[in-house]
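Dear colleague,

I am handing over the structure below, together with notes on what was found in it. Please read the notes with the coordinates open beside you.

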Amino acid sequence: MSGWIRELLGGEADSLLRYECKGIPKQSLHLPGPDYVDRIFIPSDRNQRVINNLARLHSGGRLASTGYVSILPIDQGIEHSAAASFAPNPLYFDPENIVKLAIEGGCNAVASTFGVLGAVARKYAHKIPFIVKINHNELLTYPNSYKQIMFGVVDCAAEMGAAAIGATIYFGSDDAHREIIEVAQAFERAHELGLGTVLWCYLRNNAFKTDKADFHTAADLTGQANHLGVTLRADVIKQKLPTNNGGYTALKFGKTSPLVYEKLTTDNPIELCRWQVANCYMGRIGLINSGGESKGQGDFAEAVRTAVINKRAGGMGLISGRKAFQRPMAEGIKLLHQIQDVYLDPQVTVA
């Protein structure tokens with residue numbers, strides 16, 4: 001194993017690199033591999049054009065033909081405001097630089113807004129797969145609200161040559177029912193047009209954050225969000241890395257089983273992420289974890305840690321944005337390459 005991986009993991013190196021899952025064994029999973037698209041999607045109801053585009057997602061960048069993916073997502077200009085997102089590096093106000101970072105960073109695909117990708121579609125849509133994010137939560141409404149609203153139509157994404165669309169649902173929110181219906185309809189249309197579908201399965205409810213913990217990233221709650229997402233026929237699930245467990249029991253709502261906490265999971269982050277993978281039809285639908293916000297120099301270590309956890313849990317890759325674009329481009333490229341190197345290292349195995 002590359003020594004730099006162990007060095008960046010620091011005191012967690014042994015607990016992350018030597019851990020073997022005790023709940024759900026890896027033999028039960030459908031794991032990423034060179035034949036992933038053939039093995040998983042040819043037996044499914046996805047039409048040939050969808051399969052072609054999913055194959056495109058797996059055929060480019062430094063992780064080509066491995067079954068793993070590295071995606072650059074830059075929709076934060078809407079989700080977190082353009083000032084908060086691009087002031088650290090104004091270069092990325094220009095859509096072309098976003099796409100250049102994805103290409104030079106060796107990514108499988110770039111995910112962004114209708115506006116960003118549409119501005120450079122004729123120049124780049126044939127060079128790197130586009131994932132058009134079709135809904136967003138904008139932060140200019142006062143007071144701020146948390147509702148995902150459509151910013152365009154699926155047909156427009158197809159016309160610009162996209163390989164897939166992406167959407168977010170705030171599961172657990174007062175707005176979730178409307179978002180579920182809208183995204184289900186959008187995903188159906190996307191598949192009709194031959195596009196893949198990527199779902200950001202996020203939780204959003206003030207009650208999920210207590211004085212004891214923030215259960216927005218609880219393994220049991222995010223696992224159920226993933227299960228709802230694959231039910232909507234997402235082809236890829238994006239989820240935050242779990243940081244705790246027991247959301248159902250702490251908040252005293254919904255339904256769960258004691259077996260989840262007593263037998264099927266432990267407090268090791270790989271085991272918690274394994275529960276997320278299991279809820280994606282045992283890995284039939286790939287789980288990509290998000291890279292999270294940029295916090296400075298510690299970003300490299302945190303990104304590698306997330307990649308190790310995702311890979312060892314049976315996940316399909318990482319989708320990391322702010323850590324890559326809120327720094328000089330050369331450093332962003334280096335960070336993306338280090339993430340990819342985790343998936344390319346044969347000694348970082350599935351736990």
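**Notes on the model**

Just after helix H11, Arg 233 takes a positive phi of about 70°. Before going further, please note that this is a predicted model, in which local features need pLDDT of at least 70 and side-chain atom pairs count only at pLDDT 80 or more, while totals for chains, interfaces and linings use all residues. Residues are numbered from 1 along each chain as its sequence is written, and side-chain values use heavy atoms, with hydrogens and water left out.

Helices (H or I, at least four residues) and strands (E, at least two) are DSSP runs, numbered from the N terminus. A closed barrel of eight strands runs S1-S2-S3-S6-S7-S8-S9-S10 with parallel pairing, where two strands pair if DSSP finds at least two bridges between them. From one strand to the next, the twist averages 25°. Helix H5 (residues 76-86) packs on the sheet and touches S1, S2, S3 and S6, contact meaning heavy atoms within 4.5 Å. The direction of H5 makes about 70° with that of S1, whereas H11, which touches S6, S7, S8 and S9, makes about 150° with S7; axes are lines fitted to C-alpha atoms, for helices over the stretch in contact, and angles run from 0 to 180 degrees between N-to-C directions.

Strand S6 is joined to S3 by three bridges and to S7 by eight, and both pairs run parallel. Ala 164 in S6 stands opposite Ile 131, and its bridge partner in S7 is Gly 196. Eight of the eight residues of S6 are buried, that is, under 20% relative accessible area with a 1.4 Å probe and protein chains only. On one side of S6 these are Ala 164, Gly 166, Thr 168 and Tyr 170, and on the other Ile 165, Ala 167, Ile 169 and Phe 171.

Ser 112, in strand S2 (residues 109-113), is buried as well, with a relative accessible area of 0%. The side chain of Ser 112 reaches the backbone oxygen of Ile 74 at 2.5 Å. Not counting residues up to four places away in sequence, Ser 112 touches Ile 74, Asp 75, Leu 117, Ile 131, Val 132 and Lys 133.

Returning to H11, this helix covers residues 219-231 and reaches 18 Å from its first C-alpha to its last. Its buried residues include Leu 221, Ala 225 and Val 230.

With best regards

Technical notes: Expected span 1.5 Å × (residues − 1). Buried < 20%, exposed > 50% of the residue type's maximum accessible area, 1.4 Å probe, protein only. Polar contact = N/O pair within 3.5 Å; in protein donor to acceptor, adjacent residues only side chain to side chain.
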